[in-house]
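Good morning, and thank you for coming.

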Amino acid sequence: MATLKGPGQAENHHGANLRVAIVHARWNSPIIEALVGGAKKRMLALGVKEENIIIESVPGSYELPFAVQRIYTASHVQAASIASGTVGSATTDLLSSPTSDPRKLTPAAGPNPDTMSPQLAPAATPFDAIIAIGVLIKGETMHFEYIADAVSHGLMRVQLDTGVPVIFGLLTVLTEEQGLVRAGMVKDKAGNQHNHGEDWGSAAVELGVKRKAWDGGRLA
């Protein structure tokens, strides 16, 4: 009997005008690298330009919520500097933002991304979506449960507080083999091979496109 479990048919969206960040932990790096590669590959296939995919790393999964929030804030600073023509250190260092709350940043006057060419628009705008990727493998202590719970709630809080889609790419697995299967590095028990990072890339493009529409008052 075929399993009912799965993401369903992905919607077809084009990401040419999107700017997306991937923030990943470095723990369990072989699995992480495969997941990041899968997400990036899928976004490129959906039209996101390589120069508009920014990848940042942090030591572990616990740091993901903080990093996602700060990087999104920094993209606002970067976009404002580009729009005003005052490109400086704040735009070259994505982590050098003077404020921690993107909602308090005043939109700068400058190029309207809706009227700019696709080649210029994304770099002058904040991130449209962020993918947070980490891999937690259960050990002998409660560390796994505490980190999984904290990161899950933290990432949800970031996306609700900032209004940017945060794609949940945190694997919480019981064994290394489960992680390898979900990264598409080995086949599962049914003989299938699939990289979940590709699903996260699709989700980032879909939510990035839909968020732009929703922000403009457009509904399907």
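Let me begin with a definition: two residues are in contact when they have heavy atoms within 4.5 Å of each other. The model is a predicted one, in which local features need pLDDT of at least 70, side-chain atom pairs count only at pLDDT 80 or more, and totals for chains, interfaces and linings use all residues. Residues are numbered from 1 along each chain as its sequence is written, and side-chain values use heavy atoms, with hydrogens and water left out.

First, the overall composition. The protein chain contains six helices and four strands; these are DSSP runs numbered from the N terminus, with helices being H or I of at least four residues and strands E of at least two. Along the sequence, the elements follow the order β-α-β-α-α-β-α-β-α-α. Of the 220 residues in the protein chain, 41% are buried. By buried I mean under 20% relative accessible area, by exposed over 50%, and by partly exposed anything in between, with a 1.4 Å probe and protein chains only. Among the contacts in the protein chain with a separation of 6 or more, 78% are between residues 24 or more positions apart.

N28 lies in the loop between β1 and α1. Its phi is positive, near 60°, although N28 is a residue other than glycine. Most residues other than glycine have a negative phi. N28 is partly exposed, at a relative accessible area of 26%.

Helix α1 itself runs over residues 29-45 and has 17 residues. From first C-alpha to last it reaches 24 Å, close to the 24 Å expected at 1.5 Å a residue; the expected span is 1.5 Å times one less than the number of residues. Which residues of α1 are buried? They are I31, I32, L35, V36, G38, A39 and M43. Seen down the axis of α1, these buried residues fall within an arc of 155°, so they line one face of the helix. The arc is that of the directions from the helix axis to the C-beta atoms. On the other side of α1, E33, K41 and A45 are exposed. The cover over the buried residues of α1 includes β1 (20-25), β2 (53-58), β3 (129-137), β4 (166-173), α5 (176-182) and α6 (196-215). After α1 comes G47, with a positive phi near 100°.

Next, the packing of α1 and α6. Two packed helices are described by the angle between their axes and the distance between the axes. For α1 and α6, the angle is about 45° and the axes are 7 Å apart. Axes here are lines fitted to C-alpha atoms, for helices over the stretch in contact, and angles run from 0 to 180 degrees between N-to-C directions. The two helices α1 and α6 are therefore oblique to each other; angles under 35 degrees count as roughly parallel, over 145 as roughly antiparallel, 65 to 115 as roughly perpendicular and the rest as oblique. From α1, the residues L35, G38, A39, R42 and M43 meet H196, G197, E198, W200, G201, S202, A204 and V205 of α6.

Helix α6 has 20 residues and reaches 28 Å between its first and last C-alpha, close to the 28 Å expected. Its buried residues include G197, W200, G201 and R211. What covers the buried residues of α6 includes β1, α1, α2, β3 and β4. R211 counts as buried at 14% relative accessibility. Which residues does R211 touch, not counting those up to four places away in sequence? R211 touches Y72, F127, D128, G163, V164 and P165.

Helix α4 is next. In α4, F144, I147, A148, V151, G154, L155, V158 and T162 are buried. They cover an arc of only 140° around the axis, which puts them on the same side of α4. On the other side of α4, Y146, H153, R157 and L160 are exposed. The elements covering the buried residues of α4 include α2 (64-84), β3 and β4. G163, which follows α4, has a positive phi near 85°.

I130 is buried, with a relative accessible area of 0%. Leaving aside neighbours within four places in sequence, I130 is in contact with A21, V23, V68, Y72, P165, V166 and I167.
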